[in-house]
Amino acid sequence: MLQRSRLLATLFRKDILLEFRQQYSFYGVLLYVASTIFVLYMALGQPENMVWNGLFWMMQLFICVNAVAKTFLQEGKGRQLYFYSLCSPVDFMLARMLFNATLMLLMNGISLLLFNLLLGSPIAHPLLFLGISCFGACSISLVFSFLAAIAARAQQNAALMAILGFPLIIPQLLLLMRLSTLAFSDVYQSGLWTIVGLLAGFDALVVILSVILFPFLWKD
Amino acid sequence: MLRKNWWKILSIFLLIYTFTAGFLGSVPQKPILNETIRNLYFHVAMWFVMMILFIISVVYSVRYLRHNKPIDDVYAVEFARTGIVFGVLGLLTGSLWARYTWGDFWSNDPKQLGAAIALLIYLAYFVLRNSLTDMDKSARISAVYNVFAFAMLFPTIWIIPRMVESLHPGGMGNPAFNTKDIDSRMRIIFYLGAIPGWTLLSVWISSLRIRLHLFAIKHERNV
């Protein structure tokens, strides 16, 4: 168990190191985030609460497709073969999910900041919204990590990932939007904990499925 | 068993029974629903059949991943294909029904959205398949996606639409399956006529598609 967590930590560090060494891709996503939010600002100015909320989650979705797709798609065949000889697919996938979740948390923070700066800050309970958005960012990144693995195997671009992922993510996104309306005013939302539980269940399901299914994608 | 004839004949008989008894038999008179309650034999049965076919498809996908036999993949894809056809029929019969009870073909009801999402997920499965040229690889990767998508499908069409407000029968006190709303006569036609009849028909269609697919593989043609 201890050895395994050490292995996971090493793999996780490897992903972060790679990201630091190839900064152009990280800054690429960052620029993508900034310019898209700027375009939204020019198009809408300071929108109403619900529009703000909807735009924020759509933005998370698009950031996720771009940021997460990159991690799998940029790996060449040779490098994957190398990882294959080094560690088990389960460890590899778990480390990759952890990394993607971290990346998404960072992007989530940045886009939240930019949204507040440019599109106005209608949020009544900032901490609550921060918590919900972090939770949401992790959930979305988990689903897309696995889909990116599939899309990478199919040697396709991010377009295939969008086709595979958008229908699958709709339920989660709907629940997240519903949850985050709480942060805008003092309305009482019935069944709050059911939604949180359901989302957590979704995440657990995705992790379990990825652990079971990723080995089949891995061997070639 | 698939090559035997008796179940095909049985399917036709059951469907003839469903159509005649379904259109001519008496039904309980409900406000708003009126005669549209007969849609139970068609619309609801379509969804049952779609779910059954998707379950069969995912079982074959799991079998493929375990044993790596190409024939399992052919079964999985053809059952999914027929499942989509029945899903589309379910959507069409549903929106036709909605036209007369809710007033519009499409009203963004959670159930309608869930059904549309389910169909999109399975259409994506076919896009994924077709994007891969290597047959073995295409089979394995799409089997993985099939299992993943199936597991995500359940919350979409079974849990979430139940959590939100919906006009669909079965939710928010609208009439549906319980004993108050359909009488035993309807239940007999539904469970003994419509469900087995449509299911057998769908398996028949799938088995024809499977034979065509296998034939095409043998002669190296595209289906």
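**View 1. Helices H2 and H6 of chain B cross each other.** In this predicted model, helix H2 (residues 43-67) of chain B packs against helix H6 (residues 184-218) of chain B at an angle of about 45 degrees, with the axes 9 Å apart (axes are lines fitted to C-alpha atoms over the stretch in contact, and angles run from 0 to 180 degrees between N-to-C directions; helices are DSSP runs of H or I with at least four residues, numbered from the N terminus). That angle makes H2(B) oblique to H6(B), a word for angles that are not under 35 degrees (roughly parallel), over 145 (roughly antiparallel) or 65 to 115 (roughly perpendicular). Among the residues that meet are B:Phe48 and B:Ile52 in H2(B) and B:Trp198 in H6(B), where contact means C-beta atoms, placed from the backbone, within 7 Å. Residues are numbered from 1 along each chain as its sequence is written, and chains are lettered from A in the order in which they are written. Local features need pLDDT of at least 70, side-chain atom pairs count only at pLDDT 80 or more, and totals for chains, interfaces and linings use all residues.

**View 2. Helices H3 and H6 of chain A cross each other.** The axes of H3 (residues 49-73) and H6 (residues 126-153) of chain A come within 8 Å and cross at roughly 45 degrees, which makes H3(A) oblique to H6(A). Residues that meet include A:Phe72 in H3(A) and A:Phe144 in H6(A).

**View 3. Chain B touches chain A.** The contact takes 23 residues from chain B and 22 residues from chain A. On the side of chain B, the largest share, 14 residues, comes from H5(B).

Terms used. Two residues are in contact if their C-beta atoms, placed from the backbone, lie within 7 Å. Helices (H or I, at least four residues) and strands (E, at least two) are DSSP runs, numbered from the N terminus.
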